[in-house]
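Hello,

Here is the structure I promised to pass on. Have a look at it first, and my notes follow below.

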Amino acid sequence: MSVARILNAKGRAVITISEDDTLRVATRLLAQHRIGAVVIVEADGSVRGILSERDIVRALAEGGGGALDAAVSAHMTRRVVTCTADASLNQVMEIMTAGKFRHVPVTVDGRLDGMISIGDVVKYRLAQLEHESASLRQYIAS
Ligand code: AMP
């Protein structure tokens with residue numbers, strides 16, 4: 001199972017935000033779209049940063065409610081690990097496990113073109129396992 005196949009099924013839309021926006025705006029976006037991270041992109045479409053709910057929680061823990069007025073740029077992660085559409089589901093799982101994060105932006109020719117979250121990984125891995133076990137049961141029965 002490739003990332004391209006997952007994106008073909010789920011779509012390529014990614015919720016983005018400006019690094020000059022506030023954490024308050026980011027929090028509303030996360031809640032409104034029921035997602036865990038927003039991506040910050042450069043004018044040329046390349047990934048500049050990622051801000052996840054964990055970054056907001058950390059900012060709140062350190063600064064209290066006033067932290068919601070801080071800029072996204074002050075709390076986003078700048079060294080973003082991305083993958084390309086030809087990556088396999090297993091490779092994405094390894095990237096998430098090694099980096100201890102739950103979101104991997106997908107790029108095509110260096111431009112943002114989708115997002116794989118831990119929810120997608122679990123969903124497609126489960127489907128894969130169910131397919132494998134159904135094939136095995138069929139093989140045993142035949
Ligand atoms: P998450 O588990 O995705 O909520 O993110 C946990 C931490 O890792 C946060 O500080 C995020 O900004 C950061 N993070 C999330 N995704 C990535 C990624 N693909 N590359 C680098 N850092 C990330």
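Two strands count as paired if DSSP finds at least two bridges between them. Helices (H or I, at least four residues) and strands (E, at least two) are DSSP runs, numbered from the N terminus. Please bear in mind that this is a predicted model, where local features need pLDDT of at least 70, side-chain atom pairs count only at pLDDT 80 or more, and totals for chains, interfaces and linings use all residues. Residues are numbered from 1 along each chain as its sequence is written, and side-chain values use heavy atoms, leaving out hydrogens and water.

On the fold: the chain has five helices and five strands, in the sequence pattern α-α-β-β-α-β-α-β-β-α. Its C-alpha trace spans about 65 × 35 × 25 Å along the principal axes.

Three of the strands form an open sheet with mixed pairing, in the order β3-β4-β5. At its edges are β3 (83-84) and β5 (111-117), each pairing on one side only. β3 and β4 run parallel and are joined by two bridges; T84 has T107 in β4 as its bridge partner. Helix α4 (residues 89-99) lies across β3, β4 and β5, at about 130 degrees to β4. (Contact here means heavy atoms within 4.5 Å; axes are lines fitted to C-alpha atoms, for helices over the stretch in contact, and angles run from 0 to 180 degrees between N-to-C directions.)

Now the ligand. It is surrounded by 14 residues, the closest being S52, D55, T77, R102 and H103; a residue is near if one of its heavy atoms lies within 4 Å. By class, this shell holds six nonpolar, three polar and five charged residues. (Ala, Val, Leu, Ile, Met, Phe, Trp, Tyr, Cys and Pro count as nonpolar, Asp, Glu, Lys and Arg as charged, and the others, Gly among them, as polar.)

Ligand oxygen atoms lie 2.8 Å from a side-chain N or O atom of S52, 2.5 Å from one of D55 and 2.6 Å from a polar side-chain atom of T77. β2 (47-52), α3 (53-63) and β4 (103-108) each give two or more residues to the shell.

Best wishes

Key: A polar contact is a pair of N or O atoms within 3.5 Å; within protein, one must be able to donate a hydrogen and the other to accept it, and residues adjacent in sequence count only if both atoms are side-chain atoms.
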